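Dear colleague,

I am passing on to you the structure shown below, together with a short account of what was found in it. Please look through the sequence and the structure before reading on.

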Amino acid sequence: MKSIQLKNVSLIGRIAYAILCAEKYVLTKYPSKNWSIVFEQFWKVSSCEALDKWSWVIMEYIPKYLFEFQNYESSDFEYIDKETYNQLKDLYDNVDDNLNQILLATREIEEEYAYSNIPEYGKISLEYIDEILSILKKADVEPPEISLVEFSKFNERDGWGEPFDGTKLSIVLNKSNLH
């Protein structure tokens, strides 16, 4: 699979695809963990108007930023409380860096074009998708079907696409709702 197949998919659709990749990764590599706490936040991207705020919130859910601090008291987290911090630390315990890289790349898709126009069909965002797909391939994780996000068109809202309820696409959140 090549990211160029997402050329006509909006930026929000591409972020949704990256989130689906992250979900496939965690459900393949760490199926016994409950990932809802992470993906409830990540999926907010599909329906929020303030993408910059989404980006700041999810940053605190990414291992790289979470583990910058020895404990909650020495952190300066703005969006997570101590209980969430401890839940995330436990969740990410013994999880490899691939997930961190996937989540970082997912956030970077939004950050790349924040406060700007999207030139060349958002070509740079596809490089982040390629990075994610490479991680999945090396880990023997099957990528999600592109057809899941094709409804979100690049020609809508200056490349960003119309908001939608991404939780309906979520593998993790729908799995959690079944229990």
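The chain exposes about 9200 Å², and carbon and sulfur atoms supply 46% of that area. Please bear in mind that this is a predicted model.

Overall form

The secondary structure consists of eight helices and zero strands, so that the pattern along the sequence reads α-α-α-α-α-α-α-α. Taken along the principal axes, the C-alpha atoms of the chain fill a box of roughly 45 × 35 × 30 Å. A compact globule of 179 residues would have a radius of gyration near 16 Å, and the chain agrees with this because its own value is 16 Å. Of the 179 residues, 51% are buried. Among contacts with a separation of 6 or more, 70% are between residues 24 or more positions apart.

The nonpolar core

Which residues touch the most other members of the largest nonpolar core? They are Y25, W35, V38, F39, F42 and L99, in a core of 66 residues. Each of the helices α1, α2, α3, α4, α5 (82–92), α6, α7 (123–138) and α8 (171–177) supplies at least two residues of this core. Helix α1 gives the most, with 13 residues.

Leaving aside neighbours within four places in sequence, V38 is in contact with Y61, L88, L91 and Y92.

Helix α3

Helix α3 covers residues 51–59, and its buried residues are L51, W54, S55, V57, I58 and M59. Against which helices do the buried residues of α3 pack? The partners are α1 (11–29), α2 (36–42), α4 (63–66) and α6 (97–113).

The segment before α1

K2 lies in the segment before α1. With a relative accessibility of 58%, K2 counts as exposed, because the cut-off for that class is over 50%. Not counting residues up to four places away in sequence, K2 touches D130, L133 and I146. K2 and L126 are 124 residues apart in sequence, yet their C-alpha atoms are 8.9 Å apart in space.

Two residues with positive phi

Two loop residues deserve a separate note. Y121 lies in the loop between α6 and α7, and although Y121 is not a glycine, it has a positive phi of about 50 degrees. Is Y121 buried, partly exposed or exposed? At 24% relative accessibility, Y121 counts as partly exposed, because this value falls between the limits of 20% and 50%.

D158 is found in the loop between α7 and α8. D158 is likewise a residue other than glycine with a positive phi, in this case near 55 degrees. The relative accessible area of D158 is 71%, and therefore D158 is exposed.

With kind regards

Conventions:
Residues numbered from 1 in each chain as written. Predicted model: local features only at pLDDT ≥ 70, side-chain atom pairs only at ≥ 80, totals over all residues. Heavy atoms only, no water. Buried < 20%, exposed > 50% of the residue type's maximum accessible area, 1.4 Å probe, protein only. Helix = DSSP H or I, 4+ residues; strand = E, 2+ residues; numbered from the N terminus. Contact = heavy atoms within 4.5 Å. Rg over C-alpha atoms; globule rule 2.2 N^0.38 Å. Areas by Shrake-Rupley, 256 points an atom, 1.4 Å probe, with all protein chains shown as cover. Core = buried A, V, L, I, M, F, W, Y, C linked by side-chain atoms within 4.5 Å.
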